[in-house]
Amino acid sequence: MDEQKEASLPNPDPPSDSPTAAQLNEHAPYMVATYVRPPPLMVKGEGCYLWDAENRRYLDFTAGLAVNALGHCDPEMANTEQARTLVHTSNLYHSPWIGELSKQIVTKTHAAGGMHTASKVFTCNSGTEANEAAIKFARKVGKTRTPSGDRHEIVSFHNSFHGRTMGALSATPNPKYQKPFSPMIPGFKYGNYNDESSIDDLVNEKTCGVIVEPIQGEGGVNVATSSFLQALRARCNEVGAVLIYDEIQCGLGRTGQLWAHQFLPQSAHPDILTTAKALGNGFPIGATIVSEDVAQCVVTGDHGTTFGGNPLACRLAHYIMSRLSDPDLHSSVRAMEQLFRQRFAKLQATYPDHITEIRGRGLILGLQLAVDPTPVVTAARERGVLIITCGKNTLRFVPPLIISADEVEEGLAILEQAMAVAFKHPQKIAGTKGQQEMAPAGR
């Protein structure tokens with residue numbers, strides 16, 4: 001053990017002879033190695049903080065990959081009566097909360113100024129399942145409108161991330177994700193994000209659906225322009241294609257509005273809207289919101305789910321949706337965004353050769369670096385703040401939406417310390433891996 005390092009850092013990574021390392025080594029032989037994780041073993045959470053097995057506290061700027069919007073272990077969730085009443089029935093039987101949640105999602109979406117054609121909801125268990133449903137529904141609409149089957153192509157965009165199941169993966173044109181499982185499902189085409197000039201050729205009479213993130217999360221916190229999304233909507237209207245907005249990471253209050261697409265005119269709203277992550281605040285649930293035109297094409301037996309829409313998940317999501325649709329929360333998100341941006345601007349002025357751009361909206365923000373961000377992530381973690389990366393050399397900030405000004409200031413003061421070490425003395429930081437959703441091959 002490096003005693004000098006232990007004394008100088010508040011949260012040094014557990015060394016190889018620690019109880020944490022012993023427990024991880026015991027478990028590793030039994031786990032499929034789909035992730036490369038840093039050494040701490042997280043055992044407790046409260047609000048915006050996590051604690052590891054050695055009782056070290058971390059301010060969480062990751063929120064479980066934009067999931068824990070209400071923070072860790074929200075008291076209302078922890079004490080839900082539904083877990084003692086009815087957990088699961090399957091979709092062979094009626095239960096009240098799936099209907100209540102569906103009604104709430106549609107009415108809250110309308111009230112907030114989101115997708116004005118929102119009509120019905122399919123509930124499932126995750127973001128990738130929500131996108132699989134969206135892709136299947138778009139294909140069904142295509143077959144309904146063109147029975148020959150010629151209208152079957154799905155269009156998505158480079159640097160997107162829509163999930164890991166085969167349909168959603170086929171819409172995620174990144175070799176890091178696709179190559180190990182190729183060939184992909186046929187019928188998928190890829191375009192360049194925010195490139196309006198290519199839309200007419202990309203989206204044509206063979207297109208049944210276009211799926212796009214209003215803000216690309218995993219791809220680098222890239223924000224779609226209003227004109228790009230409006231042009232996509234207009235072209236979909238021309239050729240009879242379904243427009244899908246994937247707001248799994250950027251929706252549900254994260255931009256300071258209930259939905260990230262609310263800044264658009266109604267004429268650019270989607271036909272299908274997908275959500276998950278924050279909808280369960282850590283409990284697995286996803287939802288695919290559709291217009292009446294789409295819903296009319298989906299009939300009994302076209303799609304289904306065993307666990308999706310179970311009473312416990314829907315009861316929890318109903319409570320969470322009531323919190324995430326609160327305008328006061330949205331105002332706080334916008335205020336916290338400004339605190340982040342002010343400190344980011346100062347950091348960029350201090351390190352202009354290292355920080356090249358600040359991107360995002362609300363509390364989905366990115367700092368584009370000109371260098372490998374891993375040392376910053378490691379230095380921050382060992383000083384008590386958790387951050388993650390995305391895209392190419394981008395630091396991603398997706399903290400709980402309930403974060404306070406004091407917590408923002410605390411975390412960014414630590415980030416400033418971490419950057420000072422990482423940029424000026426990188427040799428002092430031990431290399432660690434596993435900071436993205438899925439490490440690329442060879443990492």
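Mentor: T109 counts as buried because its relative accessibility is 0%; buried means under 20% relative accessible area, exposed over 50%, and partly exposed in between, with a 1.4 Å probe and protein chains only. This is a predicted model, in which local features need pLDDT of at least 70 and side-chain atom pairs count only at pLDDT 80 or more, while totals for chains, interfaces and linings use all residues. Residues are numbered from 1 along each chain as its sequence is written, and side-chain values use heavy atoms, with hydrogens and water left out.

T109 belongs to helix α5. Leaving aside residues up to four places away in sequence, T109 touches G114, M115, A118, L258 and W259, where contact means heavy atoms within 4.5 Å.

Helix α5, residues 96-112, lies across β4 and β12 (286-291) and runs at about 135° to β4. Helices (H or I, at least four residues) and strands (E, at least two) are DSSP runs, numbered from the N terminus. Axes are lines fitted to C-alpha atoms, for helices over the stretch in contact, and angles run from 0 to 180 degrees between N-to-C directions.

The open sheet has seven strands, in the order β4-β12-β11-β10-β7-β5-β6, with mixed pairing; two strands pair if DSSP finds at least two bridges between them. β4 (118-124) and β6 (188-191) are at the edges with a single partner strand each, so one side of each has no neighbour in the sheet. From one strand to the next, the twist averages 20°. Within this sheet, β7 (residues 207-212) and β10 (residues 242-246) pair in the parallel sense over four bridges, and I211 has I244 in β10 as its bridge partner.
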